[in-house]
Amino acid sequence: MIIAIDGPAASGKGTLARRIAAHYGLRHLDTGLTYRAVAAALLARGMPLGDEAVAIATARNLDLGHLDRELLSSHEIGEAASRIAVLPGLREELVRLQRAFASEPPGAVLDGRDIGTVVCPDAAVKLYATASPTERAKRRTAELLSKGKEADLETVLADLQRRDARDSSRSVAPLKPAEDAHLLDTSEMDIETAFKAAVDIVDSVR
Ligand code: C5P
C-alpha cells in the first residue's frame with residue numbers, strides 16, 4: 001500500500017506521515033529531505049544552485065537511509081531546496097529514487113509536494129494537508145522557538161508565503177492537490193485530531 005501526503009510548508013504533513021506510517025506498519029520517506037540534502041551539499045561546496053548537472057550528480061549519490069531532518073532543518077537549506085526544486089532534470093532523478101523507495105514491500109507513506117500528482121499517481125490513498133498561512137506560521141514559529149532558535153511571526157509568515165508561491169507556480173510538478181486527493185484542513189485541529197481524521201480517510205478508502 002502506498003499513501004501519498006502532500007501540502008505546503010508547515011501544514012502538518014510531515015508529522016501526519018510519520019504517525020500514519022507507524023500506525024499501518026509502513027516505511028516512510030519525507031521527500032522534502034531529498035531536495036534539502038542536495039541543496040545542503042551544494043551550499044556546503046559553494047556551488048551555484050542553478051547548476052543542474054552538479055545537482056543531478058549530487059542526487060545520484062544520495063543515501064535515502066541517511067537523511068537527517070535535524071541537520072537539514074535550517075531556513076537557509078529550505079529556501080535553497082525550493083530554489084533547486086525547479087530544475088526538471090534534478091526532479092527526474094529524485095523522483096526515480098522516491099519511486100524505488102515506494103515500490104518496496106510492504107509499501108510506504110511518502111510526503112512532499114508532488115507525491116499524489118507525479119511520484120505515485122496510483123497511490124491507494126492521497127491526502128492533501130492544508131492550514132491557513134497564519135496558522136502554519138504560528139506553528140513554525142513555535143517550533144523554532146522551542147528549539148532555542150530565533151523566530152518572529154511576521155518574518156516566518158513572509159518566508160512561508162514566498163516558498164509556497166514558488167512551489168505552486170513552478171512549471172514542473174507544482175504544489176497542488178491531485179484530483180482524487182482528500183483535503184484535510186488542519187487549521188483548527190491539534191495533531192491528535194488531524195491524525196485521527198487522516199486514519200478515518202485511509203480506512204474508508206483503502
Ligand atoms: O517539505 P520541505 O520544506 O522539507 O521541502 C523543501 C522544499 O523542497 C520545498 O519548498 C519544495 O520546493 C521542495 N520539494 C518539492 N517536492 C517535494 C518535496 C519538497 O519540490 N516532493
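This is a predicted model: local features need pLDDT of at least 70, side-chain atom pairs count only at pLDDT 80 or more; totals for chains, interfaces and linings use all residues.
The UniProt record, an unreviewed entry, annotates residues 3-201 as "domain: Cytidylate kinase".

Five strands form an open sheet with parallel pairing, in the order E2-E3-E1-E4-E5. Strands E2 and E5 stand at the edges with a single partner strand each, so one side of each is left without a neighbour in the sheet. Neighbouring strands of this sheet are turned by 20° against each other on average, direction ignored. The pairing of E2 with E3 is parallel and runs over four bridges, and Leu29 stands opposite Leu110 in E3.

Helix H9 lies across E1, E4 and E5, running at about 155° to E4.

| Element | Residues |
|---|---|
| Strand E1 | residues 2-6 |
| Strand E2 | residues 27-30 |
| Strand E3 | residues 108-112 |
| Strand E4 | residues 125-130 |
| Strand E5 | residues 182-185 |

Helix H7 (residues 133-146) packs against helix H8 (residues 153-169) at an angle of about 120°, their axes being 9 Å apart; the two helices are therefore oblique to each other. H7 passes H8 in a right-handed crossing, and the contact is made by Pro133, Thr134, Arg136, Ala137, Lys138, Arg140 and Thr141 of H7 together with Leu153, Val156, Leu157, Leu160 and Gln161 of H8.

Methods. Residues are numbered from 1 along each chain as its sequence is written. Axes are lines fitted to C-alpha atoms, for helices over the stretch in contact, and angles run from 0 to 180 degrees between N-to-C directions. Angles under 35 degrees count as roughly parallel, over 145 as roughly antiparallel, 65 to 115 as roughly perpendicular and the rest as oblique. A crossing is left-handed if the near helix is turned anticlockwise from the far one by less than a right angle, and right-handed if clockwise. Two residues are in contact if their C-beta atoms, placed from the backbone, lie within 7 Å. UniProt positions are given in the numbering used here, feature names are shortened, and annotations may be inferred rather than shown by experiment. Two strands pair if DSSP finds at least two bridges between them.
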